[in-house]
Amino acid sequence: MWSTVLEFSFGAILAYLIARVPFLTFPRMRSWNEQFPPHPEALYVDSHLIQRVMHMRIFYWIALVFALIPLSFGWFSLQYGSAPIGFGMWTVSGWLILSRVTGVISGDGPSWTKQLAMRLQLVKNNSESEESCCNLSNPMWEVIAVRCTTCGKNLLNIPRPDLGRPRSDGWIMGFVRLLLTDGKPIIASEEE
Ligand SMILES: [Zn+2]
């Protein structure tokens, strides 16, 4: 009985990790983050940041492709190897695919969307135009919203999701936190 539970958990955890490999590793490489201040400092709203939002969106969706690996291994394991490991892998990767696809339909999608990138672009354009909040408009994405550091005006009321920078809370705690939240901001928007 215990060995079955252990094998099932092993398969489930393995599948959970494999699907998140791209999101947890690629954007965190040092060469990818040189243009950004270290986590958790605020980020200046510029084209680098907007591009990063689009990249995070890609890494979020690549998980669906990576989930096919434990899905197929799980199926093989069910057929020819250990049934509990296979079932564990199959359940978790199948659930990931289902929940992400249905999340789009129900509106509970990823934190990084094209709309978010467009709204950041608007903030950037506004700050450079004559309608900017002040003469020295300097929009920075803080933890709970985009604010102008010169006049303090709230420019975009969206909490900052994970943007792929190496976490300040250390490698292990950062890893655990990302695994549990999938990079979603923990703090809700001020309006809510
Ligand atoms: Zn301002």
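Which residues in α3 and α5 meet? In this predicted model, Leu49, Ile50, Val53 and Met54 of α3 meet Leu116, Ala117, Leu120 and Gln121 of α5. The residues of this contact divide into seven nonpolar, one polar and no charged. The axes of α3 and helix α5 (residues 114-128) come within 9 Å and cross at roughly 175°. Angles over 145 degrees count as roughly antiparallel, and α3 is therefore roughly antiparallel to α5.

The protein as a whole contains six helices and four strands. Along the sequence these elements follow the pattern α-α-β-α-α-α-β-β-β-α. The C-alpha trace spans about 70 × 35 × 30 Å along its principal axes. Of the 192 residues, 27% count as buried. Among contacts between residues at least 6 apart in sequence, 65% join residues at least 24 apart.

Helix α3 (residues 47-80) and helix α4 (residues 83-106) pack at an angle of about 150°, and their axes are 7 Å apart. This angle makes α3 roughly antiparallel to α4. The crossing of α3 past α4 is left-handed. On the α3 side, the contact is made by Ala63, Leu64, Ala67, Pro70, Leu71, Phe73, Gly74, Trp75, Ser77 and Leu78. On the α4 side, the contributing residues are Ala83, Ile85, Gly86, Phe87, Met89, Trp90, Val92, Ser93, Gly94, Leu96, Ile97 and Arg100. Sorted by class, the contact of α3 with α4 has 16 nonpolar, five polar and one charged residues.

Helix α4 is in turn packed against the helix α1. Helix α1 (residues 2-19) and α4 lie at an angle of about 35°, with axes 7 Å apart. Here α1 passes α4 in a right-handed crossing. The residues of α1 in this contact are Thr4, Glu7, Phe8, Ser9, Phe10, Gly11, Ala12, Leu14, Ala15, Tyr16 and Ala19. They meet Pro84, Ile85, Gly86, Phe87, Gly88, Met89, Thr91, Val92, Ser93 and Leu96 in α4. By class, the contact of α1 with α4 has 13 nonpolar, seven polar and one charged residues. Ile85 of α4 takes part in the contact with α3 and is also listed in the contact with α1.

The strands form an open sheet of four, in the order β1-β2-β3-β4, with antiparallel pairing. The edges of the sheet are β1 (43-44) and β4 (154-156), each with a single partner strand, so one side of each is left without a neighbour in the sheet. The pairing of β1 with strand β2 (residues 139-141) is antiparallel and runs over two bridges. Within this pairing, leucine 43 stands opposite tryptophan 141 in β2.

Phenylalanine 36, found in the loop between α2 (21-25) and β1, touches Leu43 and Arg165, not counting residues up to four places away in sequence. A residue counts as buried if 20 or more other C-beta atoms lie within 10 Å of its own, and as exposed if 12 or fewer do. Phenylalanine 36 has 16 C-beta neighbours inside 10 Å and therefore counts as partly exposed. Phenylalanine 36 and isoleucine 69 are 33 residues apart in sequence, and their C-alpha atoms are 33 Å apart in space.

Definitions and conventions
Residues numbered from 1 in each chain as written. Predicted model: local features only at pLDDT ≥ 70, side-chain atom pairs only at ≥ 80, totals over all residues. Axes fitted to C-alpha atoms, helices over the stretch in contact; angles between N-to-C directions. Parallel < 35°, antiparallel > 145°, perpendicular 65-115°, else oblique. Left-handed = near helix turned anticlockwise from the far one by under 90°. Contact = placed C-beta atoms within 7 Å. Nonpolar A, V, L, I, M, F, W, Y, C, P; charged D, E, K, R; others polar. Pairing = 2+ DSSP bridges.
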